[in-house]
Amino acid sequence: MERRDDRERDEVLAVEDLSVGFVQDETRTVLARVSLSIGRGETLGLVGESGCGKSTLGRAVMRLLPANATMDGRIRLLGADVLSMDERAMRRLRGGAVAMIFQNPMSALNPVLTIGRQITEALETHTGLRGRAATARAVELLHMVGISRPADRAHEYPHQLSGGMRQRAMIAMAISCDPKLLIADEPTTALDVTVQAQILDLLASLQEKLSMAMLFISHDMSAVASVADRIAVMYAGRIVEEGAAAPLLRDPAHPYTSGLLNSVPHVDGARRTRLQAIPGSVSAGSADAAGCSFRPRCGFAIARCAVETPPLADIGAGRAARCWLASADWRPAAAARSMAT
Amino acid sequence: MAILSDPRTDQPAKPQPTALRRLLSRCPPSVLAAFVAVALVVAVAAFGPLLARDPTAQDLLSVLKPPLTQGNAGTYLLGTDQLGRDLLARLVSGMRTSLLITFFAVLTGGVIGTAIGLASGYLGGRVDNLLMRVVDIQLAVPGVLLVLTLAAVLRPGVGTTICVLSLIVWVVYARVARAQVLSLRETDLVMAARATGCSDARILLYHVLPNIAGSIWVITTLEFAHVMIAEAALGYLGLGVPPPAPTLGAMISEGQRYLQLGKWWLVVMPGFVVSLTIISINAIGNWLRDMLDPRSRGRSG
């Protein structure tokens, strides 16, 4: 809230104080007052471990959460208030102004419809295109996402394509109606590394060509590093650090971000250094507990961390971190070094 | 499938052979035989009654005659029954009635049952609870008993028989469709369809239904056989289409009294037609199920 001044620009998505809970016997908080915004053509990388709520956030933006979810706060998508929208208007938005791609294209594509048919379906839902015109556009889209012999491929079924091809087809579907925002939910996780790089390149080039914004959700730091303009790190339903991609990656301010970066293997790094795992795991429902939710796993925790939940505070240079220690000149990496000596 | 050739793309699409020809080219001989048998049965049921004698005309001088007997009205190719009626004429006419009833009963029950199952599974909650309890209640009552009671209460006729038989069919479809939808509903497939802005109806029709079509086909072939037997049973018990109009079931029922006297043809002829139809339809159904699923279409696919 402190850093809103420069965000009133060309915003595609603005999430304000969004809380999401799932009701099952009792309410379990999955997101606790999350705020973020994405500008036109910008890519926001959303990182965090499995179960930290990043996919829930992506789905909440499109209101695709199951019926037992409760949502509180505000989501503005291209100026429209998502949470108060009726279902019909929401449907027009989904796949139109905002599209989504999924982790596993094999299970997200319809196995009994051809690729071409699935793209034309999206076109029929949102644009006036029908019949031959729609088919021609589908072939053009397949061509755009780098599928060779697109006219033939349009007649094939998902199981006849390779994993990378499927994800390309999925992307073709997503961009078919010129979305202003693309939500990519772990789009490269199910692919092997060389294909990952191709898909990331493709996403970046399409983004430029279509000037669309992207919410890139991933647990893979290196994938996020290669596409994101800004990065938001999530832990247990809260954003713990946010800032421009390069400084955040070079010089993380939150112990969790630092831990995430330390647990990524480097090819060029010293061969014998051990990777540092973050001890413990995201405990269930920890967004509800008092104090910093990362405290049980944090090597720098002080007494204050157990009683008071830290705010997402400005630490200068357009960055923010949710840590009592973080400031313009405290960094976990440096602190760890001085603790060791 | 439309033939695509787009000037912007690398090369023109290969012309696609027609769907029917592709299906038939992958058809094993047993299925081909089944197709021929079903086509024959349908053709005979459709056109046979136009060519055969009057199925109710009696020739009391040639009662219970074996096949190929000469009588007043010429040669009785399949013999005559206890009232001297031409068995071939009765068989052909009975086939028409039985097939019509079975077809429409399965169609009605199948469409209604599938629709209810889809809605029930997809909407969930109270709707699902209510519909599934209705199904449970009906399944708790033995199907034959239900059908017999209704058939006995209502005015007998072709329409009544269709309605009564579709009653035993719809529950099967509703159950299977619901179970399949329940597992599909939670998949990325439905999530992705929703994320493209599909309405619920569209998701059910375009994304869920094609994915459960295989199971629907299988139960259709099973239910076709099931209903055909049930129809025969109704006729056998005298609760189906009232006499003198012949149905296959009624013919078997009347004929079995003369089995001990050695008049085998009265039972064997209609029995053979029933078995042939059911076996052939089952064979076609099994094969179709594999063909309809693009994943199991296999080698040449």
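Trainee: In which helix of chain A is Ala89(A) found?
Mentor: This is a predicted model. Ala89(A) is found in helix α2 of chain A, residues 87-93.

Trainee: Why is Ala89(A) called partly exposed?
Mentor: Its relative accessibility is 22%. Buried means under 20% and exposed means over 50%. The value for Ala89(A) falls in between, so Ala89(A) counts as partly exposed.

Trainee: What makes Phe300(A) and Trp330(A) an aromatic pair, and why is the pair called edge-to-face?
Mentor: Start with the count: seven aromatic pairs over all chains. In this one, the ring centres are 5.4 Å apart, and the limit is 6.5 Å. The planes stand at 90 degrees.

Trainee: Where in the chain do the two residues lie?
Mentor: Phe300(A) is in the loop between α11 and α12 of chain A, and Trp330(A) is in the loop between β12 and α13. They are 30 residues apart. Both are buried.

Trainee: What about Phe35(B) and Trp287(B): why edge-to-face?
Mentor: Their planes are 85 degrees apart, and over 60 is enough, so they are edge-to-face. The centres lie 5.8 Å apart. Phe35(B) sits in helix α2 of chain B and Trp287(B) in helix α10, 252 residues apart.

Definitions and conventions
Residues numbered from 1 in each chain as written. Chains lettered and ligands numbered in written order. Predicted model: local features only at pLDDT ≥ 70, side-chain atom pairs only at ≥ 80, totals over all residues. Heavy atoms only, no water. Helix = DSSP H or I, 4+ residues; strand = E, 2+ residues; numbered from the N terminus. Buried < 20%, exposed > 50% of the residue type's maximum accessible area, 1.4 Å probe, protein only. Phe/Tyr/Trp six-rings, centres within 6.5 Å; stacked < 30°, edge-to-face > 60°.
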